[in-house]
Every structure is written in C-alpha cells, then in structure tokens.
Amino acid sequence: MTNCIKIEDSYQGYSLDSFCIPKHYEDDLESVLIPYGVIHDRIERIAKDIFTDFGKEPLVAICVLKGGYKFYTDLIDKINSLNRNQGERSVPLSVDFIRLRSYQNDKSVGTIEVIGGDNMESVKGKNVLVVEDIIDTGRTMMKLLGLLEEFQPKCVKVASLLLKRQPASNGYIPEYCGFEIPDKFVVGYALDFNERFRDLHHICVVNNNGINKYKV
C-alpha cells in the first residue's frame, strides 16, 4: 500500500470557526477536512520521496488541470528546493500540462474527455510524473495512463494529493499519495465544484446548501 495518511470515515474535521474562511463560502461548507498548513507539510514529504526515488534522472512532471495546479506548483517548488540544497544530487525537471473533464456537479459523468495535452511526444523514453488533485473512481487516471503509454515513456508514476474511498473505485492506487479520505465531496486548494471554491485555501467538505447553490 502506498504511504498515505488515512482519514477515517468517523473523522468530523475542524469547525469552520477555527479558521479563516472567505465570507462568500461560510454558508456552503460543512467542515475543514485538511487545513492548509497540514497540506503543505504532507507535500514536503511527498517531494522528498520523489527526490529520493528518481535520484539524478530527468523527470517530466505533468500537471492535470485545473484542479491539480496548486498541488503541482507547491510540489515542484519543494522538489526544486531539494535540488538547490542537496549538494551534488538533483533531479532535472521539465513541465507539461494536460486537461481532462469527467465531472458535472458532484458526480462523475461516466465519460472522460481529454481537452488538452494532445501532443505528448516529449515523454518518449522519459521518466514521467503525473500530478493529480484527487483520484476518485480511478477511471480518469487509467484513461490518462493509457494515453501516455502510447508515447512510450520510460516509466510513469502518479502523485495524487487525495485518494477517495468509495464503492465505485476500480482499486487504482497512486505511487505517491497525500491523504486517503472518506467518500465526501471536497473542495478547496484548487479542487472545485462547478468552478467554485478553487480560491479556498483549506480542503473542506461541501454541505447541501453549497451543492444546491452551485449545481448546474
């Protein structure tokens, strides 16, 4: 099993009153599931694991947009910090981006649309790190991995900030994982609900009021 911090189903999170929450979201959230500072501490460890695993080999880091952009940016920053401070050892990094669409409202629509990253020729023969915000059913990630394999990379590993436990999961587990979470719809730290909540620092659970207000 991937090294991952497991948040139990019984965990209720933190009260919104304990943190600074934007006024426009106060009525739309149930609780703070993972505070911003804890997210960053966990990413620091993931960066160290990636740095250790890849050694001096070049790495193409692919961000899955849009939800993965904050995790991606902070992860790359922390790997670059290790590159600057580990003497003769460093991981040469290059960046790329891909965008997939698989959600409407709070449900997976069952189909996966690739709307970016059509030209992946640059990954041929390279070590690839896919950086994702959350793995839910696992279907989106399996489709992306299948797409990447067509371009014959040397190896592909996945770093996901969140891994959700849910009945519809196909059992896929990433090589690097921040937190394993209950089957709740979460937002914040760039995770959205119909393009809302990306500007929320903490990872929070949406309440029914928020779902009803922003559903399309």
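Q: How many aromatic pairs does a search of the whole structure find?
A: The search turns up seven aromatic pairs. Keep in mind that this is a predicted model. As a general idea, you describe two paired aromatic rings by how far apart their centres are and by the angle between their planes.

Q: Which residues form one aromatic cluster?
A: Here you can look for Y11, Y14 and F19, which form one cluster.

Q: What lies over the face of F54?
A: That would be K157, at 5.5 Å from the ring centre.

Q: Now the nonpolar core. Which residues of the largest one touch the most other members?
A: The general idea comes first: in soluble globular proteins, nonpolar side chains tend to be buried together. In this model the largest nonpolar core has 34 residues, and I50, L75 and L162 touch the most other members. Several elements each supply at least two residues of this core: the helices α1 (36-54) and α2 (69-85), plus the strands β2 (29-34), β3 (59-65), β6 (127-135), β7 (155-164), β8 (176-181) and β10 (203-206). The largest share, seven residues, comes from α1.

Q: Which residues does I50 touch, not counting residues up to four places away in sequence?
A: Leaving those sequence neighbours out, I50 touches L59, L75, I79, L129, A159 and Y176. Apart from this core lies another one, of 21 residues, and M141, L144, L148 and V158 are among them.

Q: How do I read buried or exposed for a residue such as Q12?
A: You check the relative accessible area against a cut-off: over 50% is exposed, and under 20% is buried. Q12 has 55%, so Q12 is exposed. You'll find Q12 in the loop between β1 (5-6) and β2. For a sense of distance, the C-alpha atoms of Q12 and F179 are separated by 15 Å, and these two are 167 residues apart along the chain.

Q: How many salt bridges does a search of the whole structure find?
A: The search finds ten. To call one, you need a side-chain nitrogen of Lys or Arg within 4 Å of a carboxyl oxygen of Asp or Glu. K23 is exposed, at 67% relative accessible area, whereas E26 is partly exposed, at 36%.

Q: Where do K154 and E57 lie?
A: These two side chains meet in a salt bridge, 3.1 Å from N to O. K154 lies in the loop between α3 (139-149) and β7, and E57 in the loop between α1 and β3, so the pair ties together parts that are 97 residues apart in sequence. K154 is exposed, with a relative accessible area of 55%, while E57, at 36%, is partly exposed.

Q: Which residues do salt bridges that share partners join into one network?
A: Start with D192 and R198, which form a salt bridge with their closest N and O atoms 3.3 Å apart. D192 is partly exposed, at 23% relative accessible area, but R198, at 14%, counts as buried. Through shared partners, salt bridges join K66, D192, E195 and R198 into one network.

Definitions and conventions: Residues are numbered from 1 along each chain as its sequence is written. This is a predicted model: local features need pLDDT of at least 70, side-chain atom pairs count only at pLDDT 80 or more; totals for chains, interfaces and linings use all residues. Side-chain values use heavy atoms; hydrogens and water are left out. Rings of Phe, Tyr and Trp (its six-membered ring) pair if their centres lie within 6.5 Å; planes under 30 degrees apart count as stacked, over 60 as edge-to-face and the rest as tilted. A charge sits over a ring if NZ of Lys or CZ of Arg is within 6 Å of the ring centre and within 35 degrees of the ring normal. A nonpolar core is a set of buried Ala, Val, Leu, Ile, Met, Phe, Trp, Tyr and Cys residues joined through side-chain atoms within 4.5 Å. Buried means under 20% relative accessible area, exposed over 50%, partly exposed in between (1.4 Å probe, protein chains only). Helices (H or I, at least four residues) and strands (E, at least two) are DSSP runs, numbered from the N terminus. Contact means heavy atoms within 4.5 Å.
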